[in-house]
Amino acid sequence: MAVIEAAAPEKPKKEPTDDEKRRMKIVAGSLMKAVIRPGGGDSTPSDGDQVIYHFTVRTLDGVIVQSSRSEYGGKGIPIRSVLGKSKMIVGLLEGIPTMQKGEIAMLKMKPQVHYGEDDCPLSAPTDFPKDDELHFEIEMIDFFKAKVISDDLGVVKKVITEGQGWESPREPYEVKAWISAKTTDGKVLVPCTREEPFFFNFGKSEIPKGLEMGIGTMARQEKAIIYVSSQYLTSSPFLPVVDGVEEVHFEVELVHFIQVRDMLGDGRLIKRRVRDGEGEFPMDCPLHDSLLQVHYKGMILNEEKAVFFDTTVDNNGQPLEFCSGEGLVPEGFEMCVRLMLPGEIALVTCPPDYAYDKFARPANVPEGAHIQWEIELLGFEMPRDWTGLDFISIMDEAEKIRNTGNRLFKEGKFELAKAKYDKVLREFNHVNPQDDEEGKTFSNTRNLLHLNVAACYIKMGECRKAIETCNKVIEANPGHVKALYRRGMAFMAAGDFEEAKSDFNKMIQLDKSTEPDATAALLKVKQQEQEVEKKQRKQFKGLFDKKPGEISEVGTEENGDKAADVNEKNGDQEEDLDGDTSDTSREVAGNAAQTSAPQTSFWARLLTVLGRIGWTTMLFNFTFVFVLAYLLNQWIN
């Protein structure tokens, strides 16, 4: 019996474009072509090509109806269209792709293939005989693959010579290019003198908008012709507005551009590449934490540009070597070095807050000084790749990075510390323990990292994120007392005292050995509750103590006994890493006497409850309106 093979599934047919659907409707005899002069070569234009042609439309009796040629009443400017992009009558959509460069042909069209077509995308010119059969004489001047830069085809580029690399200039790069300009009829507007390239700052309106859009797609050493329509010919120092010109052809050779980066987006921290490095940007830059070697010269941006440090002089000629991601150099310095290629020299202009105002300031650098660094990246070593490492080696690498994070945390560099912990957690996504012992070690380390991230969030004032991070540990292990403690501290920092007490009480239930730490934390919660209550009581001081008809003012004055803000108090509490809670226990025990506050009044307790559910403002507004209504009633009566 013959085996019947299953038929291969048919590939879904590509939906035809609108132009293809229009061409399918052409019937035999409605479009005829006669070659008047043959063209050269074997190629013909296709979709995506820009076609440049002259046309003349005649009736069958030879009366000229419309033309692009000046001798027949036209402007003398050839038509420029992009096949598949430009709107064209269907007869030209079908006929032009059959023509060669230099060819002249006569296309005889019935009304349904020119402006008489149903739903024709173009409107017929005034007094055009769209219901007549007509002759369209077409001369194909040129065609080529085009780079469409603007959707309305007002800026189109023809590549003459391919450039080098992939990078193109953009704001605020500095650019050098040979540029000449002429109109479509060949009139020279800007000659290319070849004395020196034209220099301009990208994005500063120093050249016409359309020309800048075109150059923004070019690579180094690329040569191109950029066709720019009048709506993109903005006035500029390079080419003032020329009246009566509908289109300008710019011949451009991109000689060189200097990468200039606005690192902060506000013009304060600028990196300017002075010498190109080796490799491709940004793939070969030290984007990740690495060991870097640089030479640099630091200058104060004043009239003298005083040099305050030069590694080639002050460091015995030895380069500076540092690990990125550890806060060992000013933030602006590191941000720029991460975007350099080996061998590159860059000039960095840096504001005080990214230079030495938030970093150990050299003795000869005044506070608030703007700095300029000239930096040469000699090389860098990427961090060790974990691929192929055994489990013990992976855990050793993780421990090194975690210890670095712990050091940064103790130095108060919480964002950098968090980045270290996050890096290990990302790498852990690709680690697969092979047995129970490895699984336990892996799980414990990952939990510690999550809790350290939560500690960073608390220090950074992002308590909700700290709670979410602790939840990752608690969801997998509900009895993890260290995670409960860390989450309780986050709840307390956020002012969610009931949730904090719940976590601390649960610690005691799960592990009696944690009772001293949990009790100390509960005392801290009670202390902060009392501080909040005291502040609210002071805010509404005397609100309920007045006689009927009297208006009380909410207490706002500050005195020597003012209440402390919860978030400020939380910012002062110790938050150690890896679940160590002993410091909190000692801190609260030392202040235990302060937690025994006297019994508060009914109204104060009521205000505390209302404050927690967001009703204090509403209560005050209600009371104020009630009193105001009472006074108005007294005055009317």
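Helix 6 (391-410) and helix 7 (414-428) each supply at least two residues of the lining of the second largest pocket. Helices here are DSSP runs (H or I, at least four residues), and strands likewise (E, at least two), numbered from the N terminus. Helix 7 gives the most, with seven residues. This is a predicted model: local features need pLDDT of at least 70, side-chain atom pairs count only at pLDDT 80 or more, and totals for chains, interfaces and linings use all residues. Residues are numbered from 1 along each chain as its sequence is written, and side-chain values use heavy atoms, without hydrogens and water.

The lining of the second largest pocket divides into eight nonpolar, five polar and 13 charged residues. Nonpolar means Ala, Val, Leu, Ile, Met, Phe, Trp, Tyr, Cys and Pro; charged means Asp, Glu, Lys and Arg; the others, Gly among them, are polar.

Now the largest pocket. Its lining divides into 14 nonpolar, 11 polar and six charged residues. Strand 2 (49-59), strand 3 (64-67), strand 4 (79-82) and strand 6 (134-145) each supply at least two lining residues.

The last stop is a helix pair. Helix 11 (residues 497-510) and helix 12 (residues 515-539) pack at about 165°, with axes 8 Å apart. Axes are lines fitted to C-alpha atoms over the stretch in contact, and angles run from 0 to 180 degrees between N-to-C directions. The two helices are therefore roughly antiparallel (under 35 degrees is roughly parallel, over 145 roughly antiparallel, 65 to 115 roughly perpendicular, the rest oblique).
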